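Take a look at the structure first.

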Amino acid sequence: MWIDTHCHLDAVEFASEEDAVAARAQQQNVSMIVIPAVERNNFATVSSLAHRNSNCTYALGIHPIFVPQAKEEDLGAMRVAVEAAMNDARFVAIGEIGLDFFIPMLTTPEMREKQEFFYTEQLKIARDFGLPVLLHVRKSQDSILKYLRRIKVIGGIAHAFNGSFQQAEIFIDLGFKLGFGGAMTFTRALQLRRLAATLPIESIVLETDAPDISPAWVHPQRNSPEQLPRIGQVLAELRDMPLQAIAQITSANALAVMPRLGAVI
């Protein structure tokens, strides 16, 4: 069994193919796909996808890239949506939330402040409902960690992790797993591959971030959750471990950090 802990199956790149993509992933033993929301307007979409496909679940959140157009009232609507979704077995986390200090338009003082406001308010929602968070941490690991120390959540996943060993250890100490995917498959990604090879295996989960972050054999084409087992094979090679062990351990890690997943697997 494989678990794709981060896949944007609702993205326009999958338009009209979502169910077929989920089915192909199922044929490759991808038994569960977590679909994070990115804005208030797609909360219903990710929920619908999760209910249409037996191997899909969803998370609710406002992505930092969507913060510029987000309104403060969206946070109130999100809290209401999360409260309603607590009775839905297919709802598993808060996400995708976080900070993005890579895109220039998001790094102005005004946008940094707005990002941090939306991030911290969503952390409070996760804290209040006892939910894990799926974190966007692009060029922002230290700021992400600063707020995690202040607002205590039960844990979650640092999605597409590409920080330092020291930052990884702090995330792990705070109850987080680290998401690895297609970027790890490029031989030139030396630091990322060192992280994947040497961090505690109990702290690693697998993801595709499809349709983005395609693995080396797919790039620059659209990524897909059916690629997850082959991404897992790369991790197995980096760690000199059997593929079956990688599947079992990373799936167990995903279930540990997102306990609600266990109700639908």
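S5 hands over the most residues to the lining of the largest pocket, three of them. Before going on, a word on provenance: this is a predicted model, where local features need pLDDT of at least 70, side-chain atom pairs count only at pLDDT 80 or more, and totals for chains, interfaces and linings use all residues. Residues are numbered from 1 along each chain as its sequence is written, and side-chain values use heavy atoms, with hydrogens and water left out.

Back to the pocket. Its volume comes out at about 970 Å³. A pocket here is an open set of points on a 1 Å grid over the protein atoms alone, where a 1.4 Å probe fits, with protein on both sides within 12 Å along at least five of seven lines; lining residues have an atom within 4 Å of a point. The volume is the space filled by probe spheres set on the points, joined across faces, edges and corners. Of the 39 lining residues, Arg138, His159, Ala160, Asp209 and Ile213 are the closest to the centre. S5 and S7 are the elements that give two or more residues to the lining. By class, the lining has 16 nonpolar, 13 polar and ten charged residues (Ala, Val, Leu, Ile, Met, Phe, Trp, Tyr, Cys and Pro count as nonpolar, Asp, Glu, Lys and Arg as charged, the others, Gly among them, as polar).

What about the sheet? Eight strands make an open sheet with parallel pairing, in the order S1-S2-S3-S4-S5-S6-S7-S8. Strands S1 (2-4) and S8 (204-206) are at the edges with a single partner strand each, so one side of each has no neighbour in the sheet. From one strand to the next, the twist averages 30°. Strands (E, at least two residues) and helices (H or I, at least four) are DSSP runs numbered from the N terminus, and two strands pair if DSSP finds at least two bridges between them. S5 (residues 133-138) and S6 (residues 156-159) are joined by four bridges, and leucine 135 has alanine 158 in S6 as its bridge partner.

Now the helices. H8 (residues 228-239) lies across S1, S2 (30-36) and S8, at about 150° to S8. H9 (residues 243-257) lies across S1, S6, S7 (176-180) and S8, at about 50° to S1. Axes are lines fitted to C-alpha atoms, for helices over the stretch in contact, and angles run from 0 to 180 degrees between N-to-C directions. The axes of H7 (residues 190-198) and H8 come within 8 Å and cross at roughly 75°. That makes H7 roughly perpendicular to H8 (the label covers 65 to 115 degrees). In this contact (heavy atoms within 4.5 Å), Arg193, Ala196, Ala197 and Thr198 in H7 meet Val234, Leu235, Leu238 and Arg239 in H8.

| Site | Feature | Value |
|---|---|---|
| Alanine 210 to proline 211 | cis peptide bond | omega near 10° |
| Histidine 219 to proline 220 | cis peptide bond | omega near 5° |
| Aspartate 209 | positive phi, not a glycine | about 55° |

How values were computed:
Parallel < 35°, antiparallel > 145°, perpendicular 65-115°, else oblique.
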